Amino acid sequence: MRKLIERLFWKQNPGVYQQKDAKLTPSLRTIDLIGLGTGMVVGTAIFTLPGIVAAEHTGPAVPLAFIVAAIGAGLSALAYAEMSSVLPFAGSAFSWINVLFGEFFGWVAGWALLAEYFISVAFVASGWSAYMQGFLASLEIKLPVALTGGVNPAKGSYVDILAAMAILVVGILISRGVHQVSRIENFIVSIKLLVIIMFVVVGMTAIQTKNYVPFIPPHKPGTSFGGWQGIIAGTAQIFIAYVGFDAIAANTAETKNPQKTMPRGLIGTLVLGTGFFIAVSLVLVGMFKYSRYANNAEPAAWALRQSGHYLTANLLSIVAIVGIFSALIAILLASSRLIYAFGRDGLLPKTLGVVDGRHVPNHALWVITFLAMILGSVFPFTFLATLVSAGTLVAFIFVSLGIYALRPREGKDLPDAQFKMPWYPVLPTISALFSAVIFWGLNRDAKILMVGWFVVGLVIYFAYGLRHSIINQEHRD
């Protein structure tokens, strides 16, 4: 038993990651990272979550939930910036924690990330499908009900065919190389931000101030609606918007001068994304009473149509249809790099760590693509939105606490950080506690399913990863 415990604390040599990740081509610049991060942060969430969170948790106070989430995410972003500056490897938190705390803890952090990525891909695709169906309906084109959503016998839906198709198309794009994908991403994000600004300007003309009163509705006992309880519950659900930070960090090995570029990309994404979230959510809840957005996966376009702005609504739907692809690109790219990192380390079959002639880990890419197609086409949108934040928060806690193991090694066996998390040693603890509080605000189902996910991960690690890990070879040598 003692030997097993010692084995769990074996730490990976960072030189191994540096050597193996050299097969990946560093081509991403600061603007590319901000494009990837903003594509994810200002992706499906900005077109979908403000209305749902307002109806289910916060009422008009949904901007406060975004601000609280931004504070928590911002603290974690500072930790991510220092980590990626010192340890520029694929796999983000998985690789970092492996080096700092040992393989077992790296696996736990990575497994939490996989839940985040895996569900995020399906969530984003499900949101894209909702907008596509709304746009087609405006043209009087309707799909058979059985093909319009996840399994829901009451509605008669069994598979979301559009969500599956979206994931497949993005998988094909990414398989052609990260450099070409980043160009497409930057173009889509630019167009999307312009249309979001247009929504804010046009939507402001339809605001009725009575819809803001009361700004924070009283708490309904026995529910997660109203009061500060509702804001915290809304924050937990909104945290899906900030998985873009880890999506950026996952591509560190493919970034030019990551020591400087990665912190700029992380902080730039936080500032830009939060500003747009607050503006959109304020306008949205001002246009109509928050309760009217219940179970509406395309609230922004719906609000414009109800206000008589049909042209703007259809333009928004078109841009959302194209723009949500940018979020899919960012998260599928990051998830494939995490699966690659598992294969690289031997914790999953080593074929997943193979990089092809285009410098793309295509085996890992297609595994996550097909699995996400199944998940995204079977489970409904709101169910996926609830689950994805749990994995994000676990990863944020690990990375924040990881600063305590990183800082003493900087300038010794690890490089000096080009960016340091300020107010050390206090701020890393505050960051971890902040994420823990928000995690506690998740609904019961999310926490139970996350426990189940970790049980599956532990079975895989002890049944396969522990015996096949490359770290065993290093210790034998």
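Helices, as named here, are DSSP runs of H or I with at least four residues, numbered from the N terminus. The model to which these names apply is predicted. On this basis, Thr223 is placed in the loop between α9 (178-204) and α10 (227-238). Its relative accessible area is 41%. Buried means under 20% and exposed over 50%, with partly exposed in between, so Thr223 counts as partly exposed. Thr223 can also be located against Ile329: the two are 106 residues apart along the chain, and their C-alpha atoms are separated by 36 Å.

What surrounds Glu103, once its neighbours within four places in sequence are left aside? Its contacts are Arg7, Leu8, Trp10, Asn98, Leu347, Tyr461, Ser469 and Ile471. Between Glu103 and Pro425 there are 24 Å in space, C-alpha to C-alpha, and the two are 322 residues apart in sequence.

In soluble globular proteins, nonpolar side chains tend to be buried together. The largest nonpolar core of this model has 158 residues, and Tyr80, Leu87, Phe199, Tyr242 and Met287 have the most contacts inside it. Helix α7, which spans residues 103-138, gives the most to this core, contributing 22 residues.

Two helix pairs that share α5 complete the description. Helix α5 (residues 62-86) packs with helix α12 (residues 258-287) at an angle of about 175°, and their axes are 9 Å apart. Because angles over 145 degrees count as roughly antiparallel, α5 is roughly antiparallel to α12. The contact of α5 with α12 has 19 nonpolar and six polar residues, and no charged ones.

How does α5 stand relative to helix α17 (residues 426-440)? The axes of α5 and α17 come within 9 Å and cross at roughly 135°, which means that α5 is oblique to α17. The crossing in which α5 passes α17 is left-handed. On the α5 side, Val68, Ile71, Gly72, Leu75, Ser76 and Leu78 take part, and they meet Leu427, Ile430, Ser431, Phe434 and Ser435 of α17. Sorted by class, this contact of α5 with α17 has seven nonpolar residues, four polar residues and no charged residues.

Methods: Residues are numbered from 1 along each chain as its sequence is written. This is a predicted model: local features need pLDDT of at least 70, side-chain atom pairs count only at pLDDT 80 or more; totals for chains, interfaces and linings use all residues. Side-chain values use heavy atoms; hydrogens and water are left out. A nonpolar core is a set of buried Ala, Val, Leu, Ile, Met, Phe, Trp, Tyr and Cys residues joined through side-chain atoms within 4.5 Å. Buried means under 20% relative accessible area, exposed over 50%, partly exposed in between (1.4 Å probe, protein chains only). Axes are lines fitted to C-alpha atoms, for helices over the stretch in contact, and angles run from 0 to 180 degrees between N-to-C directions. Angles under 35 degrees count as roughly parallel, over 145 as roughly antiparallel, 65 to 115 as roughly perpendicular and the rest as oblique. A crossing is left-handed if the near helix is turned anticlockwise from the far one by less than a right angle, and right-handed if clockwise. Contact means heavy atoms within 4.5 Å. Ala, Val, Leu, Ile, Met, Phe, Trp, Tyr, Cys and Pro count as nonpolar, Asp, Glu, Lys and Arg as charged, and the others, Gly among them, as polar.
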